[in-house]
Amino acid sequence: MKQTIAKCISFCGHPLLTIPLFVTITMFATEDVRKAALVTFLIVGCIFIPLFIWLYVKSKNGTTTNFDVSDRKQRKSLFVFILPLLMLVTIILYNTGQSKTVCLSVFFGLVITFVSQIINLRIKSSLHVSMTIYLSFLIIPLNYQLGIVVFILSGLIGWSRIVLGRHTLKEVLWGGGIGLTVGLIMLYTEQNICHYATKNTEEHKA
């Protein structure tokens, strides 16, 4: 029973499911259809769908032990695959004049992935936990209560990863620390950029 619950929580909290869902819902709820479609295509279609296909193929042909790439040495190839996609999409979003919030969100997603790659040289931090905590910081400006709920749920996701034997407590804590640190920096950066942009606009009008 415990294993079944852990599997369900781990599946529902998988970044390949939660982040694309968040991006799609948020973009179409806050932007016009054309812009929402473009941003969703770039983030979901050019990052998450290729990553899903890559993980599926690798797990099926035995190159990776499982879909989550739980082996630390095997995880190196995951970072090699995903980092260029994140960099490319970040550049395209910026050069097509997308909002600062969208650009910063993807950029700091790139930062989390890069930091996790460096940390992976010594320890396999939990990407499930780090990405869920980061997601909570993306949600907080839109819905504070929901963001806090997602943040709390990251603890359950961490528990599920330990129960399933995919991570140790130490690896979960490292993942949490990465997600928390990058999330706070992202939130601080976004707020300051918006503050200065508003200030400059008001000064220009005056």
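A residue is called buried under 20% relative accessible area, exposed over 50%, and partly exposed in between (1.4 Å probe, protein chains only). The structure is a predicted model, in which local features need pLDDT of at least 70 and side-chain atom pairs count only at pLDDT 80 or more, while totals for chains, interfaces and linings use all residues. Residues are numbered from 1 along each chain as its sequence is written, and side-chain values use heavy atoms, with hydrogens and water left out.

Val69 is buried, at a relative accessible area of 0%. This residue lies in the loop between α3 and α4; helices are DSSP runs (H or I, at least four residues) numbered from the N terminus. The phi of Val69 is near 50 degrees, a positive value in a residue other than glycine. Most residues other than glycine have a negative phi.

Arg72 is also found in the loop between α3 (33-60) and α4 (75-95). With 30% relative accessibility, Arg72 counts as partly exposed. Together with Lys73, Lys76, Arg122 and Lys170, Arg72 forms a positive surface patch. Patches are made of residues with over 30% relative accessible area and no salt bridge, like charges being joined within 9 Å; a salt bridge is a side-chain nitrogen of Lys or Arg within 4 Å of a carboxyl oxygen of Asp or Glu.

Zero disulfides (pairs of cysteine sulfur atoms within 2.5 Å) were found in a search of the whole structure. Cys46 is in no disulfide, and the nearest cysteine sulfur, that of Cys103, is 15 Å away. Cys46 counts as partly exposed at 24% relative accessibility, whereas Cys103 counts as buried at 11%.

Key
Patch = residues over 30% accessible without salt bridge, like charges linked within 9 Å, V, L, I, M, F, W, Y side chains within 5 Å. Areas by Shrake-Rupley, 256 points an atom, 1.4 Å probe, with all protein chains shown as cover. Lys, Arg positive; Asp, Glu negative; His and termini not counted. Charge placed at Lys NZ, Arg CZ, Asp CG, Glu CD. Helix = DSSP H or I, 4+ residues; strand = E, 2+ residues; numbered from the N terminus.
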